[in-house]
Amino acid sequence: MNLWLLAKPIAVLLVTVSSTIFLLLLSRQNQSPRPASMARSFVLWLHGLGDSGPANEPIKTLFTSPEFRNTKWSFPSAPSNPVTCNYGARMPSWFDIGEIPVTANSPNNESDLLKAVKSVHKMIDKEIDAGTNPSNVFVCGFSQGGALTLASVLLYPKTLGGAAVFSGWVPFSSSIIEQIPPEAKRTPILWSHGIADRTVFLEAGQAGPPFLERAGVNCEFKAYPGLGHSISNEELKHLESWIKGRLPSSS
């Protein structure tokens, strides 16, 4: 699946009604109903700019290990908001982005970001309140969703199972380090980035590990040769292994 972040209104990805219905049917075929309180683990997936939650649901079909049989997946959609880098046009967006391509020195809209973080925290709180152990909660995101993933787990007051950032960036200044709770510093982070990414430059991704090191957060960074602004099956298979290694053994 080629997930990408949009730069101009003319390039907005239009998801047809038929393709949307197909993806929804595909996800239903691979999802068995299970009360939230019985979920042994929980994966929250945050999509990129201009995308939608349902369009990403087929991702979960790649996680075939037995450890994921009792996993609950959530693919929320961002609200429609005006986006500066899209000339003010409205599109699905978690928070405002000032420019594309995103570099290590791109401006950040921290106030808008923090509103989105509160929304993600409510999603996590709801699942934990339903009975899922925080250590079995994983937040993952691509591009804008990856940046939001990073911000959300670093500012969450509990230690989670882990967070995975794909083609993301650090969406705030280093002053945020003072606001990171001690519990959040124990949440491990997996960071994956394509070396050929021309939408969110590799330098933006590479700025993540040093930032997290200063904050006292453990981060595994993997760069993928030839990969542009998208997610590869290789990345997702590594994510499956990474999460599996942090889940309780299957009974």
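Modeller: A search of the whole structure, which is a predicted model, finds two salt bridges. Side chains of opposite charge can pair when their charged atoms come close.

Take lysine 72 and glutamate 127. Their closest N and O atoms are 3.1 Å apart. This pair links distant parts of the chain. Lysine 72 sits in strand β2, residues 71-74, while glutamate 127 belongs to helix α2, residues 110-129. The two partners are 55 residues apart. Are they buried or exposed? Lysine 72 has a relative accessible area of 30%, so this residue is partly exposed.

Lysine 237 bridges to glutamate 240, with the closest N and O atoms 2.7 Å apart. Here both partners lie in helix α6, residues 233-244. They are three residues apart, about one turn of the helix. Lysine 237 counts as partly exposed because its relative accessibility is 40%. Glutamate 240, at 5% relative accessibility, counts as buried.

Next, the strands. Start with β5, residues 137-142. Six of its six residues are buried. Val137, Val139 and Gly141 point one way from β5. Phe138, Cys140 and Phe142 point the other way. β5 has strand partners too. Five bridges join β5 to β1, residues 41-46, and these strands run parallel. Within that pairing, tryptophan 45 has cysteine 140 of β5 as its bridge partner. β5 also pairs with β6, again in the parallel sense, over five bridges. There, cysteine 140 stands opposite alanine 164 of β6. How does the chain get from β5 to β6? The path runs through α3, and this β-α-β crossover is right-handed.

Carry on from β6, residues 162-166. β6 and β7 pair in the parallel sense over four bridges. Valine 165 has tryptophan 191 of β7 as its bridge partner. β7 is mostly covered, with six of its six residues buried. Both faces of this strand are covered. Ile189, Trp191 and His193 lie on one side of β7. Leu190, Ser192 and Gly194 lie on the other. Six bridges then join β7 to β8, and those strands run parallel. Isoleucine 189 has cysteine 219 of β8 as its bridge partner.

Finish with a helix, α5, residues 208-215. Which of its residues are buried? They are Gly208, Phe211, Leu212 and Ala215. Seen down the axis of α5, these buried residues fall within an arc of 95 degrees, so they line one face of the helix. Glu213 and Arg214, on the other side of α5, are exposed. What do the buried residues pack against? Their contacts are α3 (144-154), β7 (189-194), α4 (202-206) and β8 (219-224). After α5 comes glycine 216. Its phi is positive, near 80 degrees.

Conventions
Residues are numbered from 1 along each chain as its sequence is written. This is a predicted model: local features need pLDDT of at least 70, side-chain atom pairs count only at pLDDT 80 or more; totals for chains, interfaces and linings use all residues. Side-chain values use heavy atoms; hydrogens and water are left out. Buried means under 20% relative accessible area, exposed over 50%, partly exposed in between (1.4 Å probe, protein chains only). Helices (H or I, at least four residues) and strands (E, at least two) are DSSP runs, numbered from the N terminus. The arc is that of the directions from the helix axis to the C-beta atoms. Contact means heavy atoms within 4.5 Å. Two strands pair if DSSP finds at least two bridges between them. A crossover is right-handed if, with the strands pointing away from the viewer, the path from the first strand over the helix to the second runs clockwise. A salt bridge is a side-chain nitrogen of Lys or Arg within 4 Å of a carboxyl oxygen of Asp or Glu.
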